[in-house]
Amino acid sequence: MTAATELVHTSQGRSAIEAMVQEYLTFTLGEEEYGVDILKVQEIRGYDTITRMPDAPDFIKGVINLRGTIVPVVDMRIKFKLGKVVYDEFTVMIILNLGRRVVGMVVDGVSDVMQLNPDQIRPAPEFGGGVNTKYITGLGALEQRMLILVDIEKLMSATDMQLMDVQAQALQ
Amino acid sequence: MTLDLSRFHQTFFDESFEGLDTMEAALLQLDPAAVDAETINTIFRAAHSIKGGSGTFGFTAVASFTHLLETLLDQMRSGKRVITAGNVDLLLKSSDAVRELLHAAKEARQANVELIAHHQQALEAALATDGSAAAVAEAEPTPEVADGWRIRFLPQPSLFRSGNEPMRILRELASLGPLSAEPVLDASLTLVDSLPEDAHLGWQLTLAAPVNEAVVREVFSWVEDECTLVIESIKAVAEAPPGKPQLTVIEGGKGRALPDDRRSSDRRSGERRGDAAAPANGVAAAGGGGSIRVPTEKIDLLINLVGELVITQAMLAQQAGVLDPTLCEKLLAGLGQLDRNTRQLQESVMSIRMLPMDFVFSRFPRLVHDLAAKLGKQIRLDTIGADTELDKSVIEKIADPLTHLVRNSLDHGIESAEERIAAGKPAEGSITLKAGHRGGNIVIEIIDDGRGLNRERILAKARSNGLDVSDSMSDSDVNQLIFAPGFSTAEVVTDVSGRGVGMDVVKKNIHALNGQVDLASKPGKGTHITIRLPLTLAILDGMSIAVGNEVFIVPLASVVESLQARREDVHTVGGAGRVVRVRNEMVPLMALHDLVQLPVTSAPEHNLFILIESEGRKLALAVDELLGQQQVVVKSLESNYRRVPYMSGATILGDGRVALILDAAELVRRTAPALAA
């Protein structure tokens with residue numbers, strides 16, 4: 001993303017800027033607003049019957065049946081220690097399609113789809129010791145809001161998510 | 001032995017045409033300037049499979065032609081023959097000829113004889129030229145070719161009792177060329193002293209086909225010693241005498257109704273009329289049962305959609321429960337109808353993909369019978385677990401490797417009767433085919449009691465093939481060598497096996513299914529090959545049990561019993577492990593709650609157990625409730641998630657929830673020794 005920013009600063013044509021406009025699905029976790037690449041989002045669902053898995057960390061809620069496919073569900077509120085963890089009819093889950101894998105993530109709420117120009121994206125600040133910052137690709141600045149842009153594919157395949165076997169990780 | 005092989009014909013043709021396509025594509029890719037060994041191997045394998053299949057199903061014309069083709073390819077593969085553009089052209093034309101032969105066999109019509117003969121000559125000529133050494137092995141001399149054959153075939157009364165069927169022989173003859181037959185009835189026969197199971201009928205046959213005498217004799221090879229057989233050649237007779245009646249289908253007298261009688265007589269009359277018979281053939285082909293090949297993704301999509309439908313239907317039914325039956329009578333009736341239809345739809349959709357192992361296993365009795373006769377060996381074949389259901393795509397892909405393995409066992413594994421007796425073994429060799437679910441896998445085993453693998457021979461062969469080997473290699477590493485391409489320790493290349501294609505194809509095909517193949521062998525005792533296939537969409541018979549609010553499936557095959565134990569039967573061992581007394585046996589006990597680390601939601605009154613067994617060890621699992629038995633479709637947890645300890649997979653229950661399937665083998669392995677120690 002930083003490379004893209006540089007390209008724009010070396011004054012490209014208008015069409016090039018348009019081509020770089022990316023769409024993000026935004027969701028909230030507690031007070032924070034996050035954005036993920038819309039192309040990684042398969043669908044949005046309500047939180048329904050879930051089968052708990054043995055030997056799984058608390059943020060992996062279990063698996064669901066998504067039209068015959070077994071899909072693991074991660075509660076991002078627990079993982080990032082943000083927001084109030086309640087499950088009711090308003091709890092939503094974003095189904096992500098990450099290459100060959102499908103993963104569901106529970107968030108506080110899905111807001112909308114935003115278009116961001118490269119010049120609206122600021123580089124992610126370096127927090128010393130911050131756990132999550134390596135998955136943050138940038139901060140999206142809108143009038144009153146700030147979007148935390150996440151490389152969701154990288155995040156979901158991280159070892160500490162415990163979503164895949166070690167061998168599978170080596171392959172990716 | 002009246003085995004109806006015709007149900008496999010469609011599969012054979014489909015596979016063969018696919019093989020031809022592969023062959024053609026590879027041939028077209030083949031660049032004489034830069035030869036890729038793998039491409040030649042691909043072509044060779046395709047030819048080899050077609051030859052093998054056509055031999056099994058008795059399409060001798062296809063088999064013998066492909067055999068020539070294969071010999072030429074083998075020479076190219078081993079580098080004995082240089083690959084030229086001319087050779088490639090010849091191979092392409094030959095593959096067209098094979099296609100023509102296959103089409104002819106499929107539509108049960110006469111092949112274009114001129115075309116075939118032309119190509120056959122071209123192939124033979126090519127083989128005879130620079131292929132010096134290897135050509136000798138093949139190029140069959142054809143001195144006894146005549147214009148046709150007059151055959152007198154008088155079976156002995158005991159013919160049927162040895163499991164032979166004259167109709168099959170006649171049909172096989174008819175496949176060689178135009179055949180006419182006249183029944184010959186024993187004049188001394190009276191109705192009173194004739195038994196229905198005796199064969200009293202003989203035939204005077206006229207075969208108008210320019211084939212070798214050996215080919216004709218081959219047809220009668222099973223019954224040679226049970227009939228009077230006179231074979232005379234017909235010189236310069238253009239066609240079967242027109243005055244003779246066509247083959248009369250013998251029925252009633254022997255109490256046999258042959259399903260394809262009509263078709264075979266159609267075919268014969270078709271041959272008479274030559275090309276004019278095309279419409280008749282068309283009818284026969286259309287009536288020959290329809291099957292279509294559909295991409296499995298389409299079926300998977302269908303299965304998933306039906307799953308959704310079932311859940312939606314269940315939801316509707318639940319919502320409708322609160323409605324007043326008098327006011328909404330029609331709606332409720334409609335919902336009832338929907339319920340029935342959905343269920344039927346689900347059942348039939350599920351059954352599309354599943355086939356019993358029998359589909360593959362039932363090919364083998366005939367194969368073993370034929371090959372055993374050909375090789376002069378006595379072999380008994382046992383099959384176990386033929387009703388194990390397997391995904392269709394897996395079944396299709398496992399058929400070829402299994403055939404190769406069984407052929408290998410027959411040809412190289414089992415010794416001749418004399419050798420066996422000398423080694424103190426029963427004269428009759430035994431081959432066992434076994435299929436079953438084990439530890440979340442489908443395991444297919446091929447066990448023979450033959451001579452086993454010869455370590456020294458394998459090592460010697462590996463050295464001559466230029467493989468990196470040493471004498472200090474472990475037995476299992478040495479055994480693995482036979483899976484290398486072009487590896488065969490057989491001294492004689494036979495029609496059955498020995499060209500060394502088998503094993504590398506076997507390994508390749510099994511790996512393509514994400515499976516493994518293991519081989520254990522004891523010299524003089526036999527060979528035991530184990531093929532392990534992962535569950536893709538296999539169906540499992542399971543017992544559903546509840547622990548708290550969660551439902552688990554235990555594979556029924558590993559459940560011994562369920563029991564309600566008295567409190568005093570449960571004992572602790574060393575303060576930690578617990579055992580339960582089951583009659584006079586102390587069985588390690590494990591609470592499923594602890595194992596799966598789920599919070600206990602109900603009172604742990606652990607006196608309901610299910611006893612599971614795997615690999616000879618038992619384990620009692622404490623559960624809350626037994627819910628019942630059901631068939632479940634096994635889904636992989638790994639495709640989107642990771643391996644979960646003690647679980648072999650998951651399934652989707654009728655209400656749409658996911659339930660985990662316990663891995664009995666892993667449970668027993670991890671827990672039982674810990675308590676025993």
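Predicted model: local features only at pLDDT ≥ 70, side-chain atom pairs only at ≥ 80, totals over all residues.
1. Helix H18 (475-480) of chain B is part of what covers the buried residues of H17(B).

2. Helix H17 of chain B spans residues 455-464, and its buried residues are Ile458(B), Lys461(B) and Ala462(B). Viewed down the axis of H17(B), these buried residues stay within an arc of 100°, so they line one face of the helix.

3. On the face of H17(B) turned away from the buried side sit the exposed residues Glu456(B), Arg463(B) and Ser464(B). After H17(B) comes Gly466(B), which has a positive phi, near 80°.

4. A helix pair in chain B is formed by H2 (residues 37-56) and H3 (residues 60-77), whose axes come within 9 Å and cross at roughly 155°. Because angles over 145 degrees count as roughly antiparallel, H2(B) is roughly antiparallel to H3(B). The crossing of H2(B) past H3(B) is left-handed.

5. Which residues of H2(B) meet H3(B)? From H2(B), the contact takes in Ile40(B), Asn41(B), Ile43(B), Phe44(B), Ala47(B), His48(B), Ile50(B), Lys51(B), Ser54(B) and Gly55(B). Their counterparts in H3(B) include Val62(B), Ala63(B), Thr66(B), His67(B), Leu69(B) and Glu70(B), and also Leu73(B), Asp74(B), Met76(B) and Arg77(B). By type, the residues of this contact between H2(B) and H3(B) are 10 nonpolar, 6 polar and 4 charged.

6. Lys397(B) belongs to helix H15 (residues 392-413) of chain B. Is Lys397(B) buried or partly exposed? Lys397(B) has 16 other C-beta atoms within 10 Å, and is therefore partly exposed. The C-alpha atom of Lys397(B) is separated by 6.8 Å from that of Asn509(B), although the two residues are 112 residues apart along the chain.

7. Between the chains, 21 residues of chain A are in contact with 23 residues of chain B. On the chain A side, the elements giving two or more residues are strands S4 (60-66), S5 (69-75) and S7 (101-107). S5(A) supplies the largest share of that side, 4 residues. The residues on the side of chain A that touches chain B divide into 11 nonpolar, 5 polar and 5 charged.

Terms used: Residues numbered from 1 in each chain as written. Chains lettered and ligands numbered in written order. Contact = placed C-beta atoms within 7 Å. Nonpolar A, V, L, I, M, F, W, Y, C, P; charged D, E, K, R; others polar. Buried ≥ 20, exposed ≤ 12 C-beta atoms within 10 Å, placed from the backbone. Arc of directions from axis to C-beta. Axes fitted to C-alpha atoms, helices over the stretch in contact; angles between N-to-C directions. Parallel < 35°, antiparallel > 145°, perpendicular 65-115°, else oblique. Left-handed = near helix turned anticlockwise from the far one by under 90°.
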